[in-house]
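Please look over the sequence and the model shown here. A short report on the fold and its side-chain contacts is wanted.

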Amino acid sequence: MFLYESFVTLILAVALVGSQPISQNNGGPLPTFGDLLKRHNIQLTQPDLVDALRDTDPEVRYLAAHKLAEDKAVETIPAIKDSLASEKVPWTRMNIALALAQMGESIGFDTLEDNCKNKDTSGNIRARSAEYLLRFNRDSTTCLSGVLDLLLKGGSNGDRMAAAELLPRYHNVSKEDSEKVFTGLVGTLHAAAPSVRMAAGRALADFGDTRGIAELGRAIGGEQDQLVRSQLEQDLGILGNKIRQ
């Protein structure tokens, strides 16, 4: 029922940080959920954690939800669901949904999937929600479409880079969707931002379509940025080796 252990590092390193890092760890081990809650003077008893789901600090609210998931406190699921239903802060809402997904609750998965398709939600949240579902081995076609939308129309370079990294990780997709992924990545090889072009090149290598060899070759031939060109050449080698294996 619980997949918590495989997610702890990701959640602490990425989800808990959100858009504003909690603290600098100077290369040391990541703090635990309990450590972070104690910094907010929250006690770790179950009643205190349930109360913390209604704290005025949005960070505390999702930390409490994850600590309850970590503790396998199934009896608190109704309280966490209530917290999700009333939550207005998008990043916090996503993290509370993730805690419920860790506990096997469908509302958690459904909320993450809804994030993928919600164009009013930030690209960061859409991409992160898609990544969480992939880590549950859920190749959601809804999220695939949302990630493709970020790649092609995402706006920020960071969103497009995140989308390129995610797309090769979808495997149980239709031939039509696979073609959309390939076409989208090929088009992104010619994006204005060098960082986005590099992300597209690596994604094509990971995607493993033999047609990517010709596309990478064309991109290399027209690339003026030496750093980008060097990485695309590496990507071409990776893809060639993958195909030969």
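The report below goes from the overall chain to single residues.

**Overall fold**

This is a predicted model. The chain holds 14 helices and 0 strands. Read from the N terminus, the order of elements is α-α-α-α-α-α-α-α-α-α-α-α-α-α. The chain has 245 residues, and 49% of them are buried. Take the contacts with a separation of 6 or more: 58% of them join residues 24 or more positions apart. The accessible surface of the chain is about 11900 Å². Carbon and sulfur atoms account for 49% of that surface.

**The nonpolar core**

In soluble globular proteins, nonpolar side chains tend to be buried together. Here the largest nonpolar core counts 67 residues. Which of them touch the most other members? They are Ile80, Leu112, Leu167 and Leu185. Helix H6, residues 90-102, gives this core its largest share, with 8 residues.

Leu185 shows what such contacts look like. Setting aside residues up to four places away in sequence, Leu185 touches Leu151, Ala164, Leu167, Ala200, Ala203, Leu204 and Phe207.

**Helix H7 and its links**

A search of the whole structure turns up 1 aromatic pair. Phe109 and Phe136 form it, edge-to-face, at 4.9 Å centre to centre and with 80 degrees between the planes. What does the pair tie together? Phe109 lies in helix H7 (residues 106-117), and Phe136 lies in the loop between helix H8 (123-135) and helix H9 (141-153), so the pair ties together parts 27 residues apart in sequence.

A disulfide is a covalent bond between the sulfur atoms of two cysteines. The count in this model is 1 disulfide. Cys116 and Cys143 form it, with sulfur atoms 2.0 Å apart. The link is right-handed, with 80 degrees about the S-S bond. Cys116 sits in helix H7 and Cys143 in helix H9, so distant parts of the chain, 27 residues apart, are linked. Both cysteines are buried: Cys116 has a relative accessible area of 1%, and Cys143 is also at 1%.

**Charges over rings**

The charged end of Arg138 sits over its ring. Arg211 lies over the face of Phe182. The table gives the distances.

| Arginine | Ring | Distance to ring centre |
|---|---|---|
| Arg138 | Phe109 | 3.6 Å |
| Arg211 | Phe182 | 4.1 Å |

**A buried aspartate**

Asp149 lies in helix H9. Why does Asp149 count as buried? Its relative accessible area is 15%, and buried means under 20%, so Asp149 falls within the class. Which residues does Asp149 contact, leaving aside neighbours within four places in sequence? They are Lys119, Arg126 and Gly154.

**In brief**

The chain has 14 helices and 0 strands. Cys116 and Cys143 are joined by a disulfide.

Methods. Residues numbered from 1 in each chain as written. Predicted model: local features only at pLDDT ≥ 70, side-chain atom pairs only at ≥ 80, totals over all residues. Heavy atoms only, no water. Helix = DSSP H or I, 4+ residues; strand = E, 2+ residues; numbered from the N terminus. Buried < 20%, exposed > 50% of the residue type's maximum accessible area, 1.4 Å probe, protein only. Contact = heavy atoms within 4.5 Å. Areas by Shrake-Rupley, 256 points an atom, 1.4 Å probe, with all protein chains shown as cover. Phe/Tyr/Trp six-rings, centres within 6.5 Å; stacked < 30°, edge-to-face > 60°. Lys NZ or Arg CZ within 6 Å of the ring centre and 35° of its normal. Disulfide = S-S within 2.5 Å. Core = buried A, V, L, I, M, F, W, Y, C linked by side-chain atoms within 4.5 Å.
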